[in-house]
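Subject: Handing over the model

Dear colleague,

Please find the model that I promised to pass on to you, with my notes on it below. I would be grateful if you could read the notes with the coordinates open beside them.

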2 protein chains.
Amino acid sequence: MKEVKLTCEGKPVDLNEIGGMSFDECKKKLAELSKGLAHPARVEIVRMLENKPLEERCVCGDIVNALPLAQSSVSQHLKVLKEAGWIQGEIDGPCVCYCTVQGIMEYYLALMKRSLKGK
Amino acid sequence: MKEVKLTCEGKPVDLNEIGGMSFDECKKKLAELSKGLAHPARVEIVRMLENKPLEERCVCGDIVNALPLAQSSVSQHLKVLKEAGWIQGEIDGPCVCYCTVQGIMEYYLALMKRSLKGK
DNA sequence: CCTTAATATCGTATATCTACGATAAACGAT
DNA sequence: ATCGTTTATCGTAGATATACGATATTAAGG
C-alpha cells in the first residue's frame, strides 16, 4: 500500500517536517485532525484501523458491520477521516481496503505539542 | 481557583479514573474534547491558557484582544471549551479569569490511548 | 454483455456550528 | 441609584455536519 501525502489547506504536508510549517498552519492542521476525532463513530473507525496488524485487511464492509450506522453514513465518516488525513483507502477489486496513514498518531501528538505548548 | 469537575454526558468524570469509564464513554469523551480543538481559534485559546504561569491572570478581554473575532464570538468559543471540559472560568469582579482545567492535557492523551489503542 | 457485490455519491431533512450586532446581566466606582 | 466596564446571552443568517434511502459506480464472475 503506497504512502499518501497529508495536506493542510490543500497544500501537501511532510510528516517529518512540522518545523517547516508556520505556527498558524500547525493550528489549522491540528484543528482539522481534531475535527476528525470529533465524533464517536470516527474515533471507533480510527481505533479499528490503528490496531489492525499490517497483514490483516480491513475493508469498508467490515467497518460498516462494526458500526450502528447506515452504509452511506459510514462512507461519509470515512471520507471525513480521509480528507482530514487520518486514513487512506486502497481499491482492491470490488472492495476498498482502509488503514491509518503511517505515523499519523505521532504527527497528531507533535502538532499538539507545537500548537499548544508553542510560544 | 477551585477545581472544576469534568463531565461526560452530564455525569461527573474523575481525571484519575479513566479506568472506571466504559470503553464507549471513553470514546464519547474523546470526541467531546476533540471537538473542542476542532477550530483554530479554540486551539489558540487553549494554547494561551495552557502556557500561562499560575500567577498570571488571563481574563476574557485578553483573549478577545488576541483573536481576530468579535467579543460575542470569542465568548461562544469559550463556552464550547468550558462545556467540553478544557477550561474553567472564575468570576473576579467584573472580569472572568480563565485557565485550563488542571491535568486536562494528560487526560486527553490518556483518553486517546485508551480509545484508540484499546481492544 | 449481464448480474451481483461493494462503495461512493446524490438528494434531502434536520441539527449543529460559526459569526456578528444588539441587548442583557453583573460588578465596581462615582 | 446611576454610570461605565466587562462578559454572557439572544436573535439571526449562512455554512457545515449528520443521518438516511435511493441511485450511481466499479470490478469480478458468469
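For the classes used below, Ala, Val, Leu, Ile, Met, Phe, Trp, Tyr, Cys and Pro count as nonpolar, Asp, Glu, Lys and Arg count as charged, and the others, Gly among them, count as polar. On that scheme, the surface near DNA strand C has 9 nonpolar, 10 polar and 2 charged residues, where a residue is near a strand if one of its heavy atoms lies within 4 Å of it.

Before going further, please note that this is a predicted model, in which local features need pLDDT of at least 70 and side-chain atom pairs count only at pLDDT 80 or more, while totals for chains, interfaces and linings use all residues. Residues are numbered from 1 along each chain as its sequence is written, chains are lettered from A and ligands numbered from 1 in the order in which they are written, and side-chain values use heavy atoms, with hydrogens and water left out.

The two protein copies

DNA strand C

Of the 21 residues around DNA strand C, the nearest are Gly61(A), Gln71(A), Tyr98(A), Arg42(B) and His77(B). Phosphate oxygens of DNA strand C lie 3.2 Å from a backbone N or O atom of Cys60(A), 2.8 Å from a polar backbone atom of Gly61(A) and 3.2 Å from a polar side-chain atom of Ser75(A). The elements that give two or more residues to this surface are helix H3 (60-66), helix H4 (71-84) and strand S4 (95-100) of chain A, together with helix H4 (71-84) of chain B; helices here are DSSP runs of H or I with at least four residues, and strands are runs of E with at least two, numbered from the N terminus. The largest share, 4 residues, comes from H4(B).

DNA strand D

DNA strand D is likewise surrounded by 21 residues, of which Arg42(A), His77(A), Gly61(B), Gln71(B) and Tyr98(B) are the closest. Sugar and phosphate account for 62% of the atoms of DNA strand D that come within 4 Å of the protein. A phosphate oxygen of DNA strand D lies 3.0 Å from a backbone N or O atom of Ala70(A), and a phosphate oxygen is 2.8 Å from a polar backbone atom of Gly61(B), whereas the side chain of Ser72(A) has an N or O atom 3.1 Å from a base oxygen. H4(A) gives the most to the surface near DNA strand D, with 4 residues, and the residues of that surface divide into 9 nonpolar, 10 polar and 2 charged.

H2(A) has 12 residues and reaches 16 Å from its first C-alpha to its last, close to the 16 Å expected at 1.5 Å a residue (the expected span being 1.5 Å times one less than the number of residues). Because 9 of those 12 residues are buried, H2(A) is largely enclosed by the rest of the structure; buried means under 20% relative accessible area, exposed over 50% and partly exposed in between, with a 1.4 Å probe and protein chains only.

Arg47(A), which lies in H2 (residues 40-51) of chain A, counts as buried at 13% relative accessibility. Its side chain makes a polar contact with the side chain of Glu44(A) at 2.8 Å, a polar contact being a pair of N or O atoms within 3.5 Å, where within protein one must be able to donate a hydrogen and the other to accept it, and residues adjacent in sequence count only if both atoms are side-chain atoms. Leaving aside neighbours within four places in sequence, Arg47(A) is in contact with Phe23(B), Ser115(B), Leu116(B), Gly118(B) and Lys119(B).

His77(A), in helix H4 of chain A, is buried with a relative accessible area of 11%.

With best wishes

Technical notes:
Contact means heavy atoms within 4.5 Å.
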